[in-house]
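Subject: Structure handover

Hello,

Here is the structure I promised to pass on. Please open it alongside this message.

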Amino acid sequence: MNILIVEDDLMTLRLLEAHLKSWGHTVHTAVDGAAAWEALHSAPVDMVVTDWMLPKMNGLELCRKIRTEFTDGYVYLIIASSLDSRQDMIHGLESGVDDYVTKPFDFDELRARIANGGRIVLLEQALNRRYKQSQTTYFQTLHMFASLMEVFNEGLGGHCRRVSRLAMSLARRHGRIPVDQMHTVEAAGLLHDVGMVGMPAAVLFKKKVEMTGDERSDYQAHPIHGEMILSEVEYLRPIAQIVRAHHEQFNGRGFPDGLAGMFIPLISRIIAAADAYDHMVHQGGQSLEQIPELLQTQRGYQLDPELVDLLIDINALHIQEEADRDFVEVAMEDLTEGMVLAQNIRRKNSALLMPALTELTAYGIEKLKTYRKLANISPHISIYKHSVRR
Ligand SMILES: [Fe+2]
């Protein structure tokens with residue numbers, strides 16, 4: 001095990017170090033709390049054996065700091081003190097210390113207590129590995145869902161991935177989503193339209209005002225279908241609730257429940273905002289410069305005003321990024337002769353179909369359209385700005 005000894009008395013420190021090394025441990029040392037805190041961040045440490053009485057930060061304060069602020073795995077804490085009172089021991093254990101030994105050291109006892117702690121450290125490490133594995137499986141499952149949506153409809157899959165990314169940026173800027181909830185934001189973004197799977201392609205991206213009565217009721221049922229699909233998996237149930245509410249409107253005129261304002265879960269409001277933005281840019285065909293005005297019309301109606309402000313900030317960044325880029329995305333049907341490819345055109349298995357820097361001819365454009373049909377390449381092609389005729 002990797003053990004950090006914190007002891008200001010150098011004689012005791014060297015004695016402890018010699019014993020622990022002879023028991024087969026890797027030993028790090030520090031002479032006060034501040035140095036110990038630094039050592040924790042510069043080498044792997046499984047266990048800390050610290051004296052109670054230390055200069056600057058005492059042993060108990062150090063243990064409390066490790067318990068509350070050290071997030072890089074569980075560190076087993078043993079505090080040593082010549083204060084042989086039951087009250088001190090209880091006080092130490094209540095502060096997050098795992099074990100308590102009295103000074104002067106009984107080295108047989110210390111060895112047994114360290115071995116005991118070692119078993120807990122091993123269990124904790126095994127648990128941690130399992131947790132990481134289950135987190136990986138969780139995200140792999142979510143991405144599999146998104147891929148299935150992509151197979152069902154490429155546009156829907158792309159929309160969900162973009163909404164997920166934008167929802168994450170909104171959540172980070174919002175600042176009131178706890179870090180451990182960020183994966184829920186990502187998942188809810190990826191899966192918010194899972195209830196659309198199975199809908200006729202003609203209805204999927206139809207404008208609401210053009211829908212027939214039946215189409216509208218089918219469409220308005222998709223948050224409930226999504227909730228039902230996700231509720232079947234226990235660990236997706238919190239996401240199911242968020243998905244149910246992603247078409248609620250801030251003014252209470254959304255569906256399916258007509259929730260308003262703060263009664264709509266915050267993550268659902270975030271998904272709704274990202275969803276609306278994505279529709280404006282990718283379906284409505286609005287330029288980024290037009291977006292702020294459009295968003296303002298939704299402030300307090302469809303969307304949470306606070307999120308409208310954040311979307312406008314993010315949109316300004318997108319405008320800047322677009323200005324800094326030397327290429328633009330051109331739809332397949334708008335390609336003209338003389339345009340120069342800014343990126344390689346590849347099949348999904350990454351085989352190269354047409355290299356970057358190719359100047360398009362009428363024949364080249366026809367070839368790209370054929371690749372679109374046969375190899376399912378993107379309907380948008382990256383073209384160098386300088387080659388686009390205004
Ligand atoms: Fe939706």
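My notes on the fold, the cores and some local details follow.

This is a predicted model: local features need pLDDT of at least 70, side-chain atom pairs count only at pLDDT 80 or more, and totals for chains, interfaces and linings use all residues. Residues are numbered from 1 along each chain as its sequence is written.

**Overall**

The chain has 15 helices and nine strands. These are DSSP runs, numbered from the N terminus: helices are H or I with at least four residues, strands are E with at least two. The radius of gyration is 30 Å, whereas a compact globule of 390 residues would have one near 21 Å. That radius is taken over C-alpha atoms, and the globule rule is 2.2 Å times the number of residues to the power 0.38. Along the principal axes, the C-alpha atoms fill a box of roughly 85 × 50 × 35 Å.

The domain assignment gives domain 1 (2-128), domain 2 (153-324) and domain 3 (329-387). Those bounds come from an automatic or database domain assignment. Domain 2 and domain 3 have C-alpha centres 31 Å apart.

Buried residues make up 30% of the 390. Buried is 20 or more other C-beta atoms within 10 Å of the residue's own, exposed is 12 or fewer, and partly exposed is in between; C-beta atoms are placed from the backbone.

**Cores**

In soluble globular proteins, nonpolar side chains tend to be buried together. The largest nonpolar core here has 43 residues, and Leu191, Ile270 and Ala273 touch the most other members. Such a core is a set of buried Ala, Val, Leu, Ile, Met, Phe, Trp, Tyr and Cys residues joined through C-beta atoms within 7 Å. Several helices each supply at least two of its residues, among them H5 (107-152), H6 (154-174) and H12 (266-283). H12 gives the most, with nine residues. A second, separate core of 28 residues includes Ala30, Val45, Tyr100 and Ile114.

Leaving out residues up to four places away in sequence, Ile270 touches Ala167, Leu170, Ala171, His174, Val185 and Leu307. Contact is C-beta atoms, placed from the backbone, within 7 Å.

**Sheet**

Five strands form an open sheet in the order S2-S1-S3-S4-S5, with parallel pairing. Its edge strands are S2 (26-30) and S5 (99-102), each pairing on one side only. Pairing takes at least two DSSP bridges between two strands. S1 (residues 2-6) and S2 share five bridges in the parallel sense. In S2, Thr26 is the bridge partner of Asn2.

**Leu20**

Leu20 sits in helix H1 (residues 10-22). It counts as buried because 22 C-beta neighbours lie inside 10 Å. Not counting residues up to four places away in sequence, Leu20 touches Ile3, Ile5, His25 and Val27. Leu20 and Phe107 are 87 residues apart in sequence, but 9.6 Å apart in space, C-alpha to C-alpha.

**Backbone points to check**

Most residues other than glycine have a negative phi, and most peptide bonds are trans.

- Lys103 and Pro104 are joined by a cis peptide bond, omega about 0°. Pro104 lies in the loop between S5 and H5.
- Phe255 to Pro256 is also cis, with omega near 10°. Pro256 is in the loop between H11 and H12.
- Leu357 is not a glycine, yet its phi is positive, about 80°. Leu357 lies in the loop between S8 (352-354) and H15 (362-375). Leu357 is exposed, with 11 other C-beta atoms within 10 Å.

Best regards

Conventions:
Contact = placed C-beta atoms within 7 Å.
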